[in-house]
Amino acid sequence: MAPIRILVAEGSAVARREISQMLGSDSELEVVAIAPTGHIALEKAEQLRPEVMVLELTLPDMKGMDVLKAVRRQYPRLPVLIFSALAESTGNITMDALANGASDYITKPTTSGGVPFLEQAREQLITKIKELHSRIQPEPPKAAPLRKRHELAKAPTRQPRIGVVVIGASTGGPNMLVEVLSAIPGDFPVPVLIAQHMPPGFTKLFAERLDTLSPLQIREALSGEQLRAGQVWIAPGDYHMAVTRDGPMVRLLTHKGPLENSCRPAVDVLFRTAAAAYGAGVLAVVMTGMGQDGMKGSQVVSQAGGRIIVQDPDTCVVGSMPQAVLQAGLAHQVVSLKNLGPEIVRRVLQTLSPHQTAG
């Protein structure tokens, strides 16, 4: 198997040498280029088409955030791993990087940390690069429009009342979730649960940020909490979020079960436990993201009689997750980002109507 091809964007000559040595110690990795500036990094990305980028947020000519935004516009499927001292010292900057499409982050050790810290950073870099690479799916052929290439699943004439909305998202999700949730009213009649791929330590900050931008009550999930209408719960970083029925009530359960799709939280875990608790009363939404997390969970939702909406891959930062559901023939509807929030509201309210029809 060919080694994973890596581009490193790093302004410090010392750090460039150390990173090269760290990654060069693993035969499964190959550093194909080291860029001392942001402009050179973008040029090398175009010339060499690396499989993973390691990015410092402080560069001499460009802000790392601007490099990240440019990469996301030009190479939406390229995993970008932030490796910066700012990742620890300035949480809001890292949160912004994750919101703008960074795949993950590692805090760069200081020189005072010594050899143990460098070794820990080496192990983290190698592990995360391999995890990110494992999620990359082949580029889908650009033939006919998606709606013509994939048949949508047929829905029954009537649908039971929707009891919960579950949403899965990854790369590009944080900013797009703002648009979706801002379209849902504060008196929404069911709870909303979100599995967003995000590192530990940032999901609470993410939930707090969303809470200020939406009429809904948005919190990081707490095990044992009872689900209520109008609440939005975000899966904690490095924890799966599941739901479990407790008599007439449904409660949250967070746990550190095995990684699924190289992820924790995993969309599949949320979807299948929601289907077990709510049966046909699940509305599942698969949004932007790399890989195919959510596809197997959508199968379980479908088998239970629930409904599945996917974000139109053309409106995603990375369309692999909704594309996987489409290719499996599980999606009942494809919706653009701007219409996703209103469509969720329409579908939920429709099932409260005594004269509902299929949708």
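**Figure 1. Helices H8 and H9 pack at an angle of about 35 degrees.** Their axes lie 10 Å apart in this predicted model. H9 covers residues 203-213. H8 passes H9 in a right-handed crossing. Which residues of H8 take part? Pro174, Leu177, Val178 and Leu181 do. On the H9 side, they meet Phe206, Leu210 and Leu213. By type, the residues of this contact are 7 nonpolar, no polar and no charged.

**Figure 2. Helix H8 also meets helix H13.** H8 spans residues 173-181, and H13 spans residues 337-350. The two axes come within 7 Å and cross at roughly 45 degrees. H8 is therefore oblique to H13. This crossing is right-handed. H8 contributes Met176, Glu179 and Val180 to the contact. H13 contributes Leu337, Lys338, Leu340, Gly341 and Ile344. The residues of this contact divide into 5 nonpolar, 1 polar and 2 charged.

**Figure 3. Ala331 sits in a loop between a helix and a strand.** The helix is H12 (320-327), and the strand is E14 (333-335). Is Ala331 buried or exposed? Its relative accessibility is 1%, so Ala331 counts as buried. Which residues does Ala331 contact, leaving aside neighbours within four places in sequence? They are Leu152, Ala153, Ile308, Val310, Val325 and Leu326. Now look at Lys154. Ala331 and Lys154 are 177 residues apart along the chain, yet their C-alpha atoms are separated by 8.7 Å.

**Figure 4. Lys44 belongs to helix H2.** This helix runs over residues 38-48. Lys44 has 29% relative accessibility, so Lys44 counts as partly exposed. Setting aside residues up to four places away in sequence, Lys44 touches Leu7, Ala33, Arg49 and Pro50. Val32 gives another reference point. The C-alpha atoms of Lys44 and Val32 are separated by 9.1 Å. Along the chain, these two residues are 12 residues apart.

**Figure 5. The loop between strand E11 and helix H10 holds Ser262 and Pro265.** E11 covers 249-255, and H10 covers 267-278. Most residues other than glycine have a negative phi, and most peptide bonds are trans. What is the phi of Ser262? Phi of Ser262 is near 60 degrees, a positive value in a residue other than glycine. At 27% relative accessibility, Ser262 counts as partly exposed. Now turn to the peptide bond from Arg264 to Pro265. This bond is cis, with omega near 10 degrees.

**Figure 6. Asp238 has a positive phi.** The value is near 70 degrees, and Asp238 is a residue other than glycine. Where is Asp238 placed? It lies in the loop between strands E9 and E10. E9 covers 231-234, and E10 covers 240-246.

**Figure 7. The protein chain contains 13 helices and 14 strands.** This last legend puts the close-ups in context. The chain has 359 residues, and buried residues make up 53% of them. Its accessible surface comes to about 15,100 Å². Carbon and sulfur atoms account for 52% of that surface. How much of the contacts with a separation of 6 or more comes from residues 24 or more positions apart? Such residues account for 73% of these contacts.

Notes
Residues are numbered from 1 along each chain as its sequence is written. This is a predicted model: local features need pLDDT of at least 70, side-chain atom pairs count only at pLDDT 80 or more; totals for chains, interfaces and linings use all residues. Side-chain values use heavy atoms; hydrogens and water are left out. Helices (H or I, at least four residues) and strands (E, at least two) are DSSP runs, numbered from the N terminus. Buried means under 20% relative accessible area, exposed over 50%, partly exposed in between (1.4 Å probe, protein chains only). Contact means heavy atoms within 4.5 Å. Accessible areas come from the Shrake-Rupley method with a 1.4 Å probe; for residues, only the protein chains shown count as cover. Axes are lines fitted to C-alpha atoms, for helices over the stretch in contact, and angles run from 0 to 180 degrees between N-to-C directions. Angles under 35 degrees count as roughly parallel, over 145 as roughly antiparallel, 65 to 115 as roughly perpendicular and the rest as oblique. A crossing is left-handed if the near helix is turned anticlockwise from the far one by less than a right angle, and right-handed if clockwise. Ala, Val, Leu, Ile, Met, Phe, Trp, Tyr, Cys and Pro count as nonpolar, Asp, Glu, Lys and Arg as charged, and the others, Gly among them, as polar.
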